[in-house]
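Please keep the sequence and the structure in view while reading.

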Amino acid sequence: MDLNQKQIAILQIAEKLFAENGFDGTSVRQIAKEADINIAMISYYFGSKEKLLETLLFYRGSDFKIQIENILSQDSDYLQKVDAIIALIVKRIHNNRRIYKIVHFEFQNPGRTTDFQNYIDFKKSNYQLLEKFIVEGQNKGVFSKNVNKQLITTTILGTYFNLYYNKKFFQAMHSMEEEFNFEEYIDTHLIPHIQKTIKALLTYEK
């Protein structure tokens, strides 16, 4: 799917509004006003608000497979690749946390009309790449045979979101200064912690 700069700008504004106000709480008129365009342009480019959201989901996830494949093709050992994959995943979910918020809410909404099937299909394809990588590591004797492959990505995502949505409580619990730099903490503490955790899970023999 090729998108021009105007379409990308509209998607970015819609993403911001959907995350702040919810999908139902955001009108096409609001998106058009924020984007400083005629409301008809949204219909021209996307057809409907639901189709706009479907395009947004594709836009945010379409390059992930390429990035993962680039890491897997590198001339490095399995554990180095694990570190690179985790850094990529955490940085992507942090930079794209708005879309995750939108997806989590809308997908569980019983009244939703948005078609998530394409999103699910390419997410599944991405996860299958990671599971194949783990299986290869198991066959090489690098990773344990006792690995729940389906929960590896869940562990990465869950650790990030638990900290992100509770960062103020986390600061208070650990007496961190008010000017706590969360962006820096992700790079210096969270990513290394998740890397160690996942490598321990992958290599631990029961």
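## The lining of the cavity

Five helices, α4 (49-61), α6 (78-95), α7 (97-107), α8 (117-139) and α9 (149-165), each supply at least two residues of the lining of the largest cavity. Helices here are DSSP runs of H or I with at least four residues, strands are runs of E with at least two, and both are numbered from the N terminus. The model is predicted: local features need pLDDT of at least 70 and side-chain atom pairs count only at pLDDT 80 or more, while totals for chains, interfaces and linings use all residues. Residues are numbered from 1 along each chain as its sequence is written, and side-chain values use heavy atoms, with hydrogens and water left out.

Which helix gives the largest share of the lining of the largest cavity? Helix α8 does, with six residues. The lining consists of 18 residues, and G61, F64, R92, Y100 and K123 lie nearest the centre of the cavity. A cavity is a set of points, on a 1 Å grid over the protein atoms alone, where a 1.4 Å probe fits but cannot get out, and its lining residues have an atom within 4 Å of a point. The volume of the largest cavity is about 210 Å³, where a volume is the space filled by probe spheres set on the points, and points are joined across faces, edges and corners. The count comes to one cavity of 30 Å³ or more.

By class, 11 residues of the lining are nonpolar, four are polar and three are charged. In this scheme Ala, Val, Leu, Ile, Met, Phe, Trp, Tyr, Cys and Pro count as nonpolar, Asp, Glu, Lys and Arg as charged, and the others, Gly among them, as polar.

## The chain as a whole

The protein chain has 11 helices and zero strands. Its C-alpha atoms fill a box of roughly 60 × 45 × 35 Å, taken along the principal axes. Of the 206 residues in the chain, 40% are buried; buried means under 20% relative accessible area, exposed means over 50%, and partly exposed lies in between, for a 1.4 Å probe and protein chains only.

Contacts, defined as heavy atoms within 4.5 Å, can also be sorted by separation in sequence. Among contacts between residues at least 6 apart in sequence, 69% join residues at least 24 apart.

In helix α2 (residues 28-35), the buried residues are I31, A32 and A35. Seen down the axis of α2, these residues fall within an arc of 95°, so they line one face of the helix. The arc is that of the directions from the helix axis to the C-beta atoms. The face turned away from this buried side carries the exposed residues R29 and K33. Cover for the buried residues of α2 includes α1 (5-21), α3 (39-46) and α4. After α2 comes D36, whose phi is positive, near 60°.

In helix α5 (residues 64-72), F64, I68 and I71 are buried. Seen down the axis of α5, its buried residues fall within an arc of 60°, so they too line one face of the helix. What covers them includes α4, α6 and α8. An α-helix has 3.6 residues a turn, so residues three or four places apart point the same way.

## The nonpolar core

A nonpolar core is a set of buried Ala, Val, Leu, Ile, Met, Phe, Trp, Tyr and Cys residues joined through side-chain atoms within 4.5 Å. The largest one has 59 residues, of which F18, L52 and V90 touch the most other members. Helix α6 gives the most to this core, with nine residues. Beyond four places in sequence, the residues that F18 touches include F23, I31, L52 and I102.

## Buried charged residues

Leaving aside neighbours within four places in sequence, E15 is in contact with L56, R60, R98, I99 and I102.

R92 is placed in helix α6 and is buried, with a relative accessible area of 14%. Beyond four places in sequence, R92 is in contact with R60, G61, D63, F64 and Q67.

Definitions and conventions. On a 1 Å grid over the protein atoms alone, a cavity is a set of points where a 1.4 Å probe fits but cannot get out, and a pocket is an open set with protein on both sides within 12 Å along at least five of seven lines; lining residues have an atom within 4 Å of a point.
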